[in-house]
Amino acid sequence: MKINIRGYITHKEAEKYSDCADRYAANTSNSRFAIADGVSKSFFPDYWADILVNEFVALDLDKELSIENCQKNWLNKVADKVNTQDVKWYTKNAFIRQESGLATFVGLRIEDDKWFASALGDSFLFFVPNGNKGFDDWIKLSSKPLPVLFDSFPDYYSSRNKQHGELQRIEHPLVEGTFYLMTDALSEWVFNKKDEAVKEINEKWQNQEDFERSITELRFLNVLNNDDSAILIISLKNDGRNTLTYGDVNIQNLIELVEIEKVSEVETINTKRETFVDEVKLSDSSIMSTSDNFPDNTENHETSGNETKDEIKLSQNAQEIFNKCINVYDKSLMKIESIIRSIGKFSRKRKISEEEQKKVKEKLKEYGISFKN
Amino acid sequence: MASNSKQWSSATPGYIIFLVDQSGSMSEPYPEKGNKANFTSMVINRTINELINVNMAGDKVKDRVFISIIGYGNPAINEIRSDYISKYAESPIRIETGKQKVSDGNGGLIEIDVQNPIWLEPTASQLTPMGSALEFAKKLVEGWMSKKPDNPAPVIINISDGLPYPDEEEQKALKVSKEIMALSCSDGNPIVFNAHIGDSNAKCICPETVGELPDDQAKFLFEISSKVPDSYIEAAQKQALAVKTNSKGFVSNADPETFIKFINFGSSGGSDKR
């Protein structure tokens with residue numbers, strides 16, 4: 001059997017790759033594959049998901065994942081982080097409160113003429129056999145009870161406590177077809193769109209850029225939840241041999257995406273600054289008359305000094321113009337940031353020379369845009 | 001999609017306005033923390049801390065909510081702070097060391113030292129311009145929604161010990177609160193919740209009718225409260241609050257623990273939904 005693998009991953013809208021708590025891993029030497037979705041409101045869920053998938057694919061043959069070992073690794077890694085000098089007060093508090101990381105999980109192992117899979121939570125494995133007659137012919141695995149309802153309460157592995165829910169296991173003979181291992185947002189989309197979704201995956205998702213473009217469109221169309229999204233696509237084709245051989249293995253490395261993001265990250269002056277509060281304070285005279293103690297406007301609205309009403313009005317107008325400028329400046333910075341991200345992606349694909357990248361950066365520096373090293 | 005059901009996210013952050021009564025009567029004694037002003041500050045600080053916890057995934061706080069703290073009393077209307085949640089996390093006014101009980105892993109509890117950040121200091125003097133405060137909050141809500149029409153509907157949580165003063169502030173509060181509830185964005189109407197720190201023992205939690213209320217202050221605050229949206233039921237259950245079909249987002253004379261639960265509930269609807 002010949003195996004080809006593709007793997008793609010991305011973050012929630014308006015977040016970064018470094019915020020993504022989905023993880024996957026594949027090991028072609030022992031034919032083990034795994035995907036995990038770190039629960040974003042838990043403690044260091046990215047570390048937990050990362051440890052689960054990597055521990056699973058590193059195991060020999062039919063060895064079981066030791067959650068205890070995974071928990072020790074997670075605790076060591078988090079303790080290292082908490083023991084750094086610049087640890088945040090909220091990180092330290094959560095560590096003292098013994099908060100845990102949570103993650104859903106799917107593991108797949110192919111051995112000889114069989115495959116074995118296990119799942120906990122709402123990440124899914126779908127196996128779509130070649131020549132199938134539709135969704136009912138697919139093999140589906142998660143620990144979600146039927147009928148499948150996607151909600152905020154999936155089963156999970158905990159980095160400190162007992163797992164929530166029961167691990168589901170299946171095994172089947174190896175036949176031609178494709179495995180799709182995916183986290184919950186994509187799983188829900190596949191459940192809703194069935195063959196249409198698989199068609200889109202097979203025909204459109206040939207690389208990370210295709211995947212991201214598709215995800216953006218699906219989110220825009222409101223058919224895909226705005227969540228971290230990861231997928232491993234493992235296709236099996238009978239090549240007449242009794243052994244497993246690997247053809248194309250094209251799995252997007254998340255760390256690589258994070259590194260590119262760091263290089264292209266623009267240091268902006270508080271791009272998230274919201275100007276509406278200042279605008280409201282300036283625009284409403286009835287509020288102004290009762291609010292001479294707004295912290296950052298005291299100077300502008302002092303009525304007991306030598307300033308005349310005209311001067312106050314002028315001062316208010318100036319502040320209004322300033323706010324509008326800040327608005328335009330913020331939008332420009334965001335636009336530039338998006339262009340630079342594109343340059344980062346473009347340079348990765350088209351190999352723009354470092355010299356050329358340097359020139360772009362120098363040009364942008366003239367406009368006060370600097371970069372993190 | 002049901003009203004008030006949009007989840008907070010970095011792409012579409014929620015907006016919470018805490019309106020804090022800082023009038024003279026807030027210096028009156030209160031069983032918890034000595035007086036009403038101290039208690040209110042403690043509740044707000046604890047709520048923001050909780051919001052940081054639920055929007056934090058380790059060493060980073062995600063900006064899924066923008067918060068304004070508006071005081072009214074002296075000075076008349078004081079915009080204390082307006083920021084994304086990560087900015088609150090980065091820069092509290094100060095951090096106190098406190099004790100907290102946590103599980104010892106063997107069914108018992110142990111007391112540990114934790115750091116308690118402070119963003120709101122207690123203060124209490126002069127009048128109760130609640131109507132003007134709501135008017136300001138309305139402008140903020142309109143400003144936010146004009147820039148972010150597709151975000152979750154904003155939530156205003158007003159904490160007060162009684163009626164607005166001077167008298168015209170009462171009519172203003174009635175009028176403006178209805179205007180706020182009539183505003184709309186793609187997620188529905190903004191929500192106004194009220195928490196009454198009263199002096200009587202007549203406790204009332206999320207009532208359905210005005211007849212259930214003991215005094216004029218409570219009746220007034222009930223009038224200016226929104227009905228609890230159906231989409232908040234899950235969050236209410238999580239806080240063990242008995243919310244009924246027609247309950248309004250209002251508590252009166254609640255014990256401190258219920259009071260804190262109510263504020264957490266009011267401010268967590270968007271983070272508890274999928």
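Because the model is predicted, local features need pLDDT of at least 70 and side-chain atom pairs count only at pLDDT 80 or more, while totals for chains, interfaces and linings use all residues. Residues are numbered from 1 along each chain as its sequence is written, and chains are lettered from A and ligands numbered from 1 in the order in which they are written.

**Contact between the chains**

- The contact takes 39 residues from chain A and 39 residues from chain B, where two residues are in contact if their C-beta atoms, placed from the backbone, lie within 7 Å.
- On the side of chain A that touches chain B, helix 3 (89–96) and helix 8 (276–283) of chain A each supply at least two residues, and the largest share, seven residues, comes from helix 3 of chain A; helices (H or I, at least four residues) and strands (E, at least two) are DSSP runs, numbered from the N terminus.
- This side of chain A divides into 14 nonpolar, nine polar and 16 charged residues, with Ala, Val, Leu, Ile, Met, Phe, Trp, Tyr, Cys and Pro counted as nonpolar, Asp, Glu, Lys and Arg as charged, and the others, Gly among them, as polar.
- B:Asn53, which lies in helix 1 (residues 36–54) of chain B, is in contact with A:Tyr90 and A:Ala94 when its neighbours within four places in sequence are left aside.
- B:Asn53 is partly exposed, with 17 other C-beta atoms within 10 Å; a residue is buried if 20 or more other C-beta atoms lie within 10 Å of its own, exposed if 12 or fewer, and partly exposed in between, with C-beta atoms placed from the backbone.

**Fold of chain B**

- The secondary structure of chain B comes to seven helices and 11 strands.
- The radius of gyration of chain B is 18 Å, close to the 19 Å that the globule rule gives for 274 residues, so chain B is as compact as a globular protein of that length; this radius is taken over C-alpha atoms, and the rule is 2.2 Å times the number of residues to the power 0.38.
- Along the principal axes, the C-alpha atoms of chain B fill a box of roughly 55 × 45 × 35 Å.
- Buried residues make up 54% of the 274 residues in chain B, and among contacts in chain B with a separation of 6 or more, 74% are between residues 24 or more positions apart.

**Nonpolar core**

- The largest nonpolar core has 146 residues, of which A:Ala34, A:Leu52, A:Leu125, A:Leu181, B:Leu19, B:Ile70 and B:Ala137 touch the most other members; such a core is a set of buried Ala, Val, Leu, Ile, Met, Phe, Trp, Tyr and Cys residues joined through C-beta atoms within 7 Å.
- The largest share of this core, nine residues, comes from helix 3 (residues 130–147) of chain B.
- Not counting residues up to four places away in sequence, A:Ala34 touches several residues, including A:Leu52, A:Phe56 and A:Phe105.

**Buried and exposed positions**

- In helix 7 (residues 254–264) of chain A, the buried residues are A:Leu254, A:Leu257 and A:Ser264.
- They cover an arc of only 95° around the axis, which puts them on the same side of helix 7 of chain A, the arc being that of the directions from the helix axis to the C-beta atoms.
- On the other side of helix 7 of chain A, A:Ile255 and A:Glu256 are exposed.
- B:Phe222, placed in helix 5 (residues 216–223) of chain B, is buried, with 21 other C-beta atoms within 10 Å.
- B:Phe222 touches B:Pro207, B:Val210, B:Leu213, B:Lys248 and B:Phe250, not counting residues up to four places away in sequence.

**Backbone geometry**

- Most residues other than glycine have a negative phi, and most peptide bonds are trans.
- The peptide bond from A:Leu146 to A:Pro147 is cis, with omega near -10°, and A:Pro147 is in the loop between strand 7 (139–141) and strand 8 (157–158) of chain A.
- A cis peptide bond also joins B:Tyr165 and B:Pro166, with omega about 5°.
- A:Asn222, a residue other than glycine, has a positive phi near 60°, and with 9 C-beta neighbours inside 10 Å A:Asn222 counts as exposed.
- B:Cys206 has a positive phi of about 45° although it is not a glycine, and B:Cys206 is buried, with 23 other C-beta atoms within 10 Å.
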